[in-house]
Amino acid sequence: MATIVEATGPTLASPEIEAFLLHEARLLDERRWDEWLSMFSDDGWYWVPIEEGQADPRHTVSLMYDDRQLLETRVRRLMQGKLHTQAPPSRTSRIVANATVEKDAGAPLLVRSKFQMIEYRRNRQRHFAGTCWHALKPGGAAGYRICWKKVELADCDSMMDGLTVPF
Amino acid sequence: MATQLKPETAEDISALIQPGRVHRRVYSDPAIFDLEMARIFDRTWIYVGHESQVKAPGEFVTTRIGRRPMVMVRHADGEIRVLHNQCAHRGTMVVSTDAGHAEEFVCCYHGWTYGTDGKLIRVPLQHGYPAHFNPEDPNTAMVAASRVDSYRGFVFASLSPDGPSLTDFLGYMTTSFDDMADRAPDGEIEVAGGVFKHAFDGNWKLYLENLCDAAHPLFVHQSSIDAAVEQDDGAHTDGAGEIGVRQMRQNGAPYKFWMEQVGIWTYPNGHSFLGDYHDDEKLVAAKRDPVFADYIKAMETAKGAEETQRIMEVTRWNSNVYPNLSFMSQFRQLRVVHPVSVNRTEVYTYSFRLKGAPDKMFEDTIAFANVTNGTGSLVLTDDLETYGRIGTGLQSAGAEWIEVGRGYDSDVPGDHGGRAGRDSTSEVYIRNMYDAWLGLMTEA
């Protein structure tokens with residue numbers, strides 16, 4: 001399989017990296033938020049841009065942009081009993097695929113993947129899809145830690161109801 | 001359940017509003033919604049955009065008046081026009097992008113072509129139309145709004161040729177626009193940093209009714225307040241998270257604070273503003289935290305120390321301009337509420353850059369917007385959940401009347417022809433919006 005990828009282009013992600021991505025998706029689906037947080041490095045950040053090709057999270061708004069401090073607060077809020085937006089909680093189902101390692105990225109390792117996610121909550125189902133970018137470095141219980149994660153939603157600039165569950 | 005009233009007469013409509021309470025049908029009856037579109041949105045001044053979005057001739061943005069798609073465009077003469085986004089031929093939406101630059105607007109269907117003043121300038125196969133067809137007819141055009149005017153760069157349009165001037169309509173609320181614009185050292189503000197578009201299954205009126213509600217944060221936003229209070233400040237931040245966490249902690253100000261330190265003021269035509277509730281030195285420019293030092297210096301250089309101090313001493317939180325605009329100078333946010341149907345509403349949220357202010361202040365604006373006003377924020381999402389639950393709850397006639405009476409017996413006359421709450425938790429600003437609602441809805 002790997003031979004059909006162009007020599008100068010990305011390579012298929014290793015089984016270890018794929019396992020890492022599937023583990024992350026599982027933690028998110030199972031609402032194991034604090035375990036998901038622990039996959040990030042101590043200065044890791046998480047970004048869901050609102051514009052296609054958005055260059056910068058500091059000069060344009062984002063659907064979500066959390067440095068480590070805010071990500072910790074977001075996760076703590078998700079685990080609050082008084083969180084109205086998750087009473088009842090969303091159930092999500094994620095498919096992660098097409099994982100490649102971008103060749104010229106250097107260190108940390110830059111991984112690109114595709115995802116689709118169904119979010120069901122209170123008689124309503126929403127469908128999200130897009131491209132994920134993970135910058136990974138070796139370490140942690142799962143073999144890697146996330147230096148940063150960017151989620152490019154296909155419908156990033158559409159009219160949306162509120163988003164509470166991270167992608 | 002009482003027999004449904006027909007909302008056709010002034011008496012029918014007046015019966016829906018009582019002292020300190022409102023009939024639930026005002027939020028749930030499609031017939032009343034249709035009447036609101038005709039008597040409020042087709043009649044009064046509606047905010048359509050900011051001049052900085054259409055700086056040069058030909059620049060346009062699409063917008064809305066009620067449910068009507070409109071285009072705000074700067075014409076070759078330098079004036080801003082607000083046009084119905086609709087071809088005079090078969091009714092096709094002519095402009096299909098959010099923003100851009102155009103010499104002329106060409107309909108995709110048969111090529112009817114309009115100038116940026118909306119006038120029809122070219123019709124392919126024109127010889128085929130009957131004698132009554134007149135391309136010079138002002139209605140054979142992308143029809144222009146009857147009136148367009150602006151105040152300090154904020155552009156409003158009215159589909160009615162009659163009615164008060166924009167400055168008469170705004171009244172004392174002009175001072176809130178002054179507060180937005182005065183804070184720019186270079187004297188100019190501009191829309192920048194993208195737009196949030198979010199929606200909820202609830203009535204359009206719920207949104208402004210929440211934005212000056214000082215009694216809700218402690219309860220609705222408890223999850224983010226608690227999460228922020230418990231946050232370890234030693235965790236890594238690039239600055240954005242710190243602003244967000246500090247803001248969420250401020251939302252946890254106790255009821256005593258809201259009652260003693262913050263005010264609510266209302267004005268004719270449904271407008272109001274809430275006093276600011278911030279005292280965090282990294283969030284309030286007037287506190288002169290080191291990060292604001294350059295800003296204050298630039299302000300004092302441009303405007304003098306005395307004028308700078310006067311500007312910094314204006315401490316307003318959300319300013320609501322009825323029926324569908326809310327903005328706030330402290331973090332340069334502006335929200336426009338678009339009714340879609342009786343139980344569906346869309347909101348556009350914009351950020352502004354203060355020209356001549358340090359870049360860090362604009363970064364803080366973006367950080368604030370993400371955490372507080374964003375579609376995936378830690379704060380607004382709880383408000384959207386609440387609007388949706390109201391939208392569902394009001395489908396039932398279990399409770400016929402909505403209570404908006406808090407502070408009813410203790411409201412006091414305010415300055416400049418308005419009324420004020422004895423404290424900021426008064427619902428006087430909702431009752432004030434219903435005074436405007438009733439006036440517009442019962443006017444022939």
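How many residues does the contact take from chain B, and how many from chain A? It takes 42 residues from chain B and 35 residues from chain A, where two residues are in contact if their C-beta atoms, placed from the backbone, lie within 7 Å.

This is a predicted model: local features need pLDDT of at least 70, side-chain atom pairs count only at pLDDT 80 or more, and totals for chains, interfaces and linings use all residues. Residues are numbered from 1 along each chain as its sequence is written, while chains are lettered from A and ligands numbered from 1 in the order in which they are written.

**Stop 1: the chain B side**

Select strand E13 (189–200) of chain B. E13(B) gives the most to the side that touches chain A, with seven residues. Helices (H or I, at least four residues) and strands (E, at least two) are DSSP runs, numbered from the N terminus. That side of chain B divides into 15 nonpolar, 18 polar and nine charged residues. Ala, Val, Leu, Ile, Met, Phe, Trp, Tyr, Cys and Pro count as nonpolar, Asp, Glu, Lys and Arg as charged, and the others, Gly among them, as polar.

**Stop 2: two helices of chain B**

Now select H8 (residues 222–229) and H9 (residues 240–250) of chain B. They pack at an angle of about 120°, with their axes 8 Å apart. That makes H8(B) oblique to H9(B). Axes are lines fitted to C-alpha atoms, for helices over the stretch in contact, and angles run from 0 to 180 degrees between N-to-C directions. Angles under 35 degrees count as roughly parallel, over 145 as roughly antiparallel, 65 to 115 as roughly perpendicular and the rest as oblique. Show B:Ser224, B:Ile225, B:Ala228 and B:Val229 in H8(B); they meet B:Val245, B:Met248 and B:Arg249 in H9(B).

**Stop 3: H3 of chain A**

Move to H3 (residues 68–78) of chain A. 11 of its 11 residues are buried (20 or more other C-beta atoms within 10 Å of the residue's own; exposed means 12 or fewer, partly exposed in between; C-beta atoms are placed from the backbone). The buried residues of H3(A) pack against H2 (33–37), E2 (40–49) and E3 (62–66) of chain A, together with H8 and H9 of chain B.

**Stop 4: B:Thr425**

Finish at B:Thr425, in the loop between E22 (419–420) and H15 of chain B. Is B:Thr425 buried or partly exposed? B:Thr425 counts as partly exposed because it has 18 C-beta neighbours inside 10 Å. Not counting residues up to four places away in sequence, B:Thr425 touches B:Ala214, B:Ala215, B:Trp258, B:Met259, B:Arg406 and B:Gly407.
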